[in-house]
Amino acid sequence: MGLLVKPYLGCNIKCKYCYEGPLRNVKEPQLDYDLDAVVNTIRENKKTAPSIGLHGGEIFCIPNKHLEILLKETYKYGESVGIQTNATLIDDEKIRLLKKYNANLGISWDGPGELCSARPGTEKVGEIIDKVMSKGISVGMIIVVSEANAGTKAKREKLKKWVYKLSKEKGIDARFNPCYNDKELELSPKKRVSVYLDFAKFFLENDIRWSPFTDIIRALQNSKNKVCTFSGCDIFCTKSATSVMGDGSITNCMRTNEEFILLRDKKEYDTRLEILRETPIKYGGCKGCKYLEMCTGGCPTATIDDDWRNRTSWCDVWYALFQYFENVLKMTENEQLYSRDKKGDEKEKKEIHSHEDQTKPGGHGDYSAHINKLKE
Amino acid sequence: MVESFVRLMPKQGFQEWPSLMGDMAELCRETEYRLVKDGYRKATTLHIEDRNYKELMERINKDGLIYTPILKAAYSEGFIHEHKEAKEGEPFYWYGCVTKTYKEGQEFKKADGSAEQKKPNHIKLGKLLGYPECCIDYFNKKFPQNWDPIWIEKSGRVCGYPECNRLLRYFGVHITWHFSCSPVCEKTKEEGKKWFSVMKEMDKELAEKIYNLLSKSMTWDSYHGVVQIETPYFVGLSRTFPYLEKKRVINWEVKKK
């Protein structure tokens with residue numbers, strides 16, 4: 001389980017679609033965390049956590065001296081720490097700390113210009129990305145796909161060009177996460193299937209291996225190494241994310257907490273999958289769906305009627321993508337999917353299998369700091 | 001149908017509640033036993049596992065009571081609505097009843113029917129367990145329709161007495177042990193007074209915490225065979241009767257005096 005350290009849930013930009021927004025509306029977060037308690041919880045849980053990340057809110061809102069305590073603590077364990085951030089508060093002092101403690105960044109940004117209109121105040125993040133990369137800091141990204149950056153054909157073309165540049169020119173890997181926390185910004189059900197299929201084709205043609213498309217291929221190949229969305233997540237014990245709160249308590253993925261923070265159950269259950277297997281599709285289940293064991297009903301926080309006992313409200317998109325990639329796999333007769341250059345086939349196969357342990361669980365959808373590290 | 005289970009997760013700031021609920025459930029079990037010992041009711045059910053067999057049987061003997069084993073039941077986690085016979089080699093517990101006399105124990109066993117795989121006589125069982133007649137009648141009629149019959153015609157805002165509140169039954173916390181026929185059943189309220197006084201004799205502070213908890217607003221949300229109960233302190237889950245097409249939600253509030 002990845003340990004996501006979230007001492008402060010406040011944020012300097014407060015994007016409208018942020019899944020922590022409802023919690024902030026109930027109670028405005030304060031910088032009142034107990035660092036000793038946080039550090040103790042990290043120590044107690046480090047052994048069972050394969051990775052550790054500083055998360056938020058916006059983690060760079062906390063004072064640098066507190067940031068350094070957390071970086072120092074995680075650095076002790078001999079692995080680099082990941083930091084998920086909106087990047088707007090990165091300055092020279094923060095870069096110095098990142099370098100000192102061998103940290104890598106996961107940057108959440110939806111693109112340059114009008115593409116980032118859902119993330120006010122992030123217009124200069126492109127420059128910041130260039131700057132931190134020039135200092136040798138590894139960067140992964142989360143791009144939230146919404147009306148703001150994919151709502152029109154023109155925006156989608158801009159987004160594709162930017163994605164191509166990130167992947168091919170800068171060598172950045174990213175998660176291409178759907179926006180499902182804001183009804184105005186979420187792609188409408190009418191267009192989202194065609195939009196996502198269009199993106200799937202684009203990623204395939206350009207050999208860009210980003211989540212969720214790679215996760216769907218892995219799921220079709222029965223790999224356990226796939227994003228939490230398709231891993232049968234238990235909403236009361238989210239195995240991909242162990243979130244450490246500012247008081248040192250442990251909760252689940254923050255998408256599960258809306259009006260209050262519910263602490264994490266110690267034991268994981270398969271109850272949701274049991275329900276979905278037995279409940280007919282017309283009543284919100286997945287009975288009879290050929291992709292159920294691969295898709296696992298999707299994220300339990302993005303479901304029909306907002307009830308985790310139903311399947312995902314994005315079933316139309318996921319089903320279409322599973323079908324699309326299944327057809328591609330059939331056509332290639334299980335040849336390496338992305339290898340169109342026959343000379344490169346064997347080399348590419350070896351590379352992929354050396355990077356991705358197919359037996360290990362995959363990552364958390366809201367954390368991208370380690371994506372690029374995995375390639376090294 | 002989902003596997004039987006029960007879970008309880010505290011909200012941030014209320015970390016002590018899973019342990020506190022365990023203490024409350026223990027007091028509720030003790031109260032049930034005590035009411036038979038004191039002769040207030042004729043019978044109570046009791047599950048005996050291998051690990052606590054010696055301790056419980058010695059206590060029953062010492063108290064001059066009778067334990068009648070009914071079924072060697074298959075072990076299951078959490079709330080169940082029927083006992084299934086354990087197969088050879090399976091983990092098991094003894095399902096049985098505690099009574100004052102051998103005769104009452106045999107009457108209970110016969111009415112229960114599980115040993116002979118017969119349908120239970122709910123009316124006879126209810127009388128032996130000391131439940132109000134109106135609630136016995138309600139259970140007898142509703143149980144065949146819904147094996148978790150919490151006021152099955154009701155949904156939305158429901159006001160009632162804490163003594164009638166069975167929404168936390170999956171975690172073993174309640175004042176009375178039967179399904180009340182109504183959230184404002186006066187007979188249940190009367191029974192509850194006696195039960196509550198016995199509870200207070202054993203642990204006044206904890207008994208009052210139980211009463212206060214059952215008086216709090218809470219939501220009981222049943223859908224697809226899983227019920228989710230939210231209180232101000234925790235969220236609990238259990239297997240339940242499966243509402244397939246539409247969920248049933250009870251927003252519980254205590255009836256003002």
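Let's start in chain B, where R7(B) sits in strand β1, residues 6–10 (strands are DSSP runs of E with at least two residues, helices runs of H or I with at least four, both numbered from the N terminus). R7(B) is buried, with a relative accessible area of 4%; buried here means under 20% relative accessible area, with a 1.4 Å probe and protein chains only.

The side chain of R7(B) has two aspartate partners in chain A: a polar contact of 2.8 Å goes to the side chain of D234(A), and one of 2.7 Å goes to the side chain of D265(A). A polar contact is a pair of N or O atoms within 3.5 Å; within protein, one must be able to donate a hydrogen and the other to accept it, and residues adjacent in sequence count only if both atoms are side-chain atoms. Leaving out residues up to four places away in sequence, R7(B) also touches others, including F236(A), K267(A), Y269(A), F171(B) and L237(B) (a contact is heavy atoms within 4.5 Å).

## What the model is

This is a predicted model, where local features need pLDDT of at least 70, side-chain atom pairs count only at pLDDT 80 or more, and totals for chains, interfaces and linings use all residues. Residues are numbered from 1 along each chain as its sequence is written, chains are lettered from A and ligands numbered from 1 in the order in which they are written, and side-chain values use heavy atoms, with hydrogens and water left out.

## Chain A overall

Chain A has 14 helices and eight strands, and 60% of its 376 residues count as buried. Take the contacts in chain A between residues at least 6 apart in sequence: 73% of them join residues at least 24 apart.

## Cavities

The count comes to three cavities of 30 Å³ or more. A cavity is a set of points on a 1 Å grid over the protein atoms alone where a 1.4 Å probe fits but cannot get out, and lining residues have an atom within 4 Å of a point.

Of its 21 lining residues, Y180(A), C228(A), T229(A), R255(A) and G365(A) are the closest to the centre.

Conventions
Buried < 20%, exposed > 50% of the residue type's maximum accessible area, 1.4 Å probe, protein only. 1 Å grid on protein atoms, 1.4 Å probe; cavity = no way out; pocket = protein on both sides within 12 Å on 5 of 7 lines; lining within 4 Å. Points joined across faces, edges and corners; volume = space filled by probe spheres on them.
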